[in-house]
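Open the structure in your viewer and keep the selection tool at hand. The stops below take you through it one selection at a time.

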Amino acid sequence: MQKQISILLLFFFCAFNSFAQDTLQEIKVKGNSKSLKKSYSLTANTTVLTSKELLKAACCNLAESFETNPSIDVNFSDALTGTKQIKMLGLTSPYLMITEENIPSVRGASQAYGLSFTPGTWVESIQITKGAGSVVNGFESISGQINTELIKPISDIPFFLNAYGSTDSRFELNTHFNKKISEKWSSSLFVHGNTRVSKNDMNDDGFLDNPLAKQINVLNRWQYTNAEKGWVSFINFRYMNDQKQTGELNFDPDRDKGTTNYWGSEINTERFDVSTKLGYVFPDMPYQSIGFQNAFNSHDQNSYFGLNKYNIKQKSYYSNLIFNSIINNTKHKFSTGLNFTYDKYGEFVNANDYSRIDNSVGAFFEYTYDNTDDFSVVLGGRIDNHNRLGTFATPRLHVRYNPWEKGVLRFSAGRGKRSANVFAENQQLLASSRTFDFLDTNGKIYGLNPEIAWNYGLSFMQGFLLFGKSADVGFDFYRTDFQNQAVVDVMQSPQQVLFYNLIGKSYANSLQVEFNYELAKHFNLRTAYKYYDIQADYLSGTYQRPLQAKHRFFGNLGYETHILDKGKQWKFDYTFNWLGKQQLPNTSTNPVEDRLPELSPSFSVMNIQVTRTFSSTFEIYIGGENIGNYKQDNVILGNENPFGPTFDASIVYGPVFGQMYYAGLRFKIK
Amino acid sequence: MKNIIVVLLLTFVGFTVQAQEVKNKNAKVEFHVSGNCEMCKKRIEKAALSVSGVKSADWHMDCGTLYLIANEQKTDVLTIQKAIAKVGHDTDEVKALKEDYEKLHTCCQYERK
């Protein structure tokens, strides 16, 4: 025993003496001329969206900030929640690891609406990694990772104001205040409010096209920086209250809630978050650092969808300790550490109580080799113990090779495992007359087994000059193979949704081909074609995943004039999306008028924005979404009889509202 | 108990060795290296890191200064400069051989003093 202790002590001595690195590996992006950064030298297939990119669309919140980027598909907000869901590699957000400053943020109870709880103006940059991610933040990610960095108090400006209004009667106000309290301390206060004040029914089906809404969202962050001693710390406090009401135009919650007078729905969410981050960089060893993150949050959603009641409360605690250093020299780096997660759920679906406690503890080690030139590899592994998922290992691998100049070849592989929160993730289905039936009862999560998938990816990108202007062309191919999946089956019957463990095969193949070109100075073109083959074996046969287009085409044109004195400038942006046919849920047993075809029609959507900068402190923008005015037919099945057997508001494959125009302004004090 | 004594002894020995030589395991070293471009930067840093004991290397293209962190118990400045000269770049103390210099890519052939 004592011998072991002495060996251990010796080991520690050696370790601390010979190893020595940079802190919380933040990718810093500031005022760079490129708004979308793809690296030739990063090991993982990561795209960085800078704050400049985020201004290309009037992104009200995080969910909408991906519209000008081909890697992520933004779905159409459903009539009910008004929230846009995102997909990567054809898989919805539950299969993504979404983090805010490397702390998992959109998970569990917040899965459906979480992205709409972060206002776009708070965001400094977003890093999108396709495929198996890093092991540092956890084991849940399957198809990719999205990390958002918020504006840092130390680099923030004293005052920022953004006001926005649109023809669908949505209004937003963002105000940021910042104060440098001392040389070491600075603080920011972000206040966001949004509201939709009037009822819209452009398709005359008697139902609101988007919900009435009210949100107040306040974030106060503190930053401590002591560069000499190597300390950095962040402390965040956040409060959010979001209220939505939707349903039939005549629905009055006070009068009609819980009755069959009119169909209506309310979704009220209150959240409170506290998070801290502490980083230390060894002053004489800039390549060695320690990071310690802690986050506590409480999420409380009270909602009803017609006569279906759904309440979910989640209290969670997350902790992550990470140590970064090198072996011999900076060609060999490593990160190692521990994570702890605790989630207490109080979940009630009508009269059923699904309350539970989940917790997990895990350790990770990630090794990076970089020959400082044309080759790097990241090999990571973690072991976790979870009270429902058991003890399991999560391996991940990323390799990068530059065969020649401006060419980059990447490969990744990895495993992910997660428990599906089937109600929280599929709550739009509560807005239908479907019954929720679980065919398996032996598993530990709603009777189901954990979802396990392997993801493999290969990508290549080549930059070159075409007629003297820079261009790049690339492709990537990813495959996700599910060993087990919590299948959500809407192919059996329009009156049912079935949940069961995968029997047979389920996979997602995605291919993206991209071409980007600088047509002229300040005039950029981005194009992408995307092919998705996402199949699963359902009880009634093998189908493509419902509400997923097999073919998609994306185009974006951006033009800026030269910046004149005092910062005067015009910016123009145009985005084109074409979506092919989508598999629709099975409605073949409904009466003829409530039947949908097997496949949706293909259609295209166009967005446009013009920004006029008057000076470096004041600008206004106007824009239009869906200016081609495409509207989905028959958004709400059985809308004549919302308490009848064919009612279904969950089948949304295209825009509901039609064309929408907006205007806004941004004002800064520097 | 015996083991604890061994550990203590070991620690003592460790400290005394360090005290005698006063050689820093994370010594900051900087010197001038001639070069021109991004390709030079890669080559210089690669050569520096190839020396056992060099932990990190960062060459600044604008001023030509190479910033190193190195373990003085394992290496010294001259050894590092020799390794860099070998790939064709002149340093403060060690100049590259003519044939090594001429092997450089044309854009890397800096002006020799």
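**Stop 1: chain A, overall**

Keep in mind throughout that this is a predicted model. Select chain A and show its C-alpha trace. Its C-alpha atoms fill a box of roughly 75 × 70 × 50 Å along the principal axes. Of its 670 residues, 48% count as buried.

**Stop 2: the largest nonpolar core**

Now select Ala58(A), Val422(A), Ala486(A), Val487(A) and Phe499(A). They belong to the largest nonpolar core, a set of 48 residues, and touch the most other members. Colour the elements that each supply at least two residues of this core: β16 (289–305), α4 (422–425), β27 (486–489), β28 (496–501), β30 (523–538) and β36 (660–669) of chain A. Which of them gives the most? That is β28(A), with four residues.

Centre the view on Phe499(A). Beyond its neighbours within four places in sequence, Phe499(A) contacts Val422(A), Ala486(A) and Val487(A), which you have already selected, and also Phe438(A), Leu439(A), Tyr446(A), Leu448(A) and Val488(A).

**Stop 3**

Zoom in on β27(A) and β28(A). They pair in the antiparallel sense, over four bridges. To see one bridge, select Asp489(A) and its partner in β28(A), Leu498(A).

**Stop 4: chain B, overall**

Hide chain A for a moment and select chain B. It has four helices and three strands. Follow the chain along its sequence and the pattern reads α-β-α-β-β-α-α. Of its 113 residues, 30% count as buried. Among chain B contacts between residues at least 6 apart in sequence, 54% join residues at least 24 apart.

**Stop 5: the sheet of chain B**

Select the strands. They form an open sheet in the order β1-β3-β2 of chain B, with antiparallel pairing. Which strands stand at the edges? They are β1 (27–32) and β2 of chain B; each has a single partner strand, so one side of each is left without a neighbour in the sheet. Six bridges join β1(B) to β3(B). For a pair to look at, pick Glu30(B), which stands opposite Tyr67(B) in β3(B).

**Stop 6: helix α2 of chain B**

Last, select residues 38–49 of chain B, helix α2. From first C-alpha to last, its 12 residues reach 17 Å, close to the expected 16 Å. α2(B) lies across β2 and β3 of chain B, at about 165 degrees to β2(B).

Show the buried side chains of α2(B), including Cys40(B), Ile44(B), Ala47(B), Ala48(B) and Leu49(B). The charged Lys41(B), Arg43(B) and Glu45(B) are buried too. Then bring chain A back. The cover over these buried residues includes β18 (329–349) of chain A, along with β2 (54–59), β3 (65–70) and α3 (77–86) of chain B.

Conventions
Residues numbered from 1 in each chain as written. Chains lettered and ligands numbered in written order. Predicted model: local features only at pLDDT ≥ 70, side-chain atom pairs only at ≥ 80, totals over all residues. Core = buried A, V, L, I, M, F, W, Y, C linked by C-beta atoms within 7 Å. Buried ≥ 20, exposed ≤ 12 C-beta atoms within 10 Å, placed from the backbone. Contact = placed C-beta atoms within 7 Å. Pairing = 2+ DSSP bridges. Expected span 1.5 Å × (residues − 1). Axes fitted to C-alpha atoms, helices over the stretch in contact; angles between N-to-C directions.
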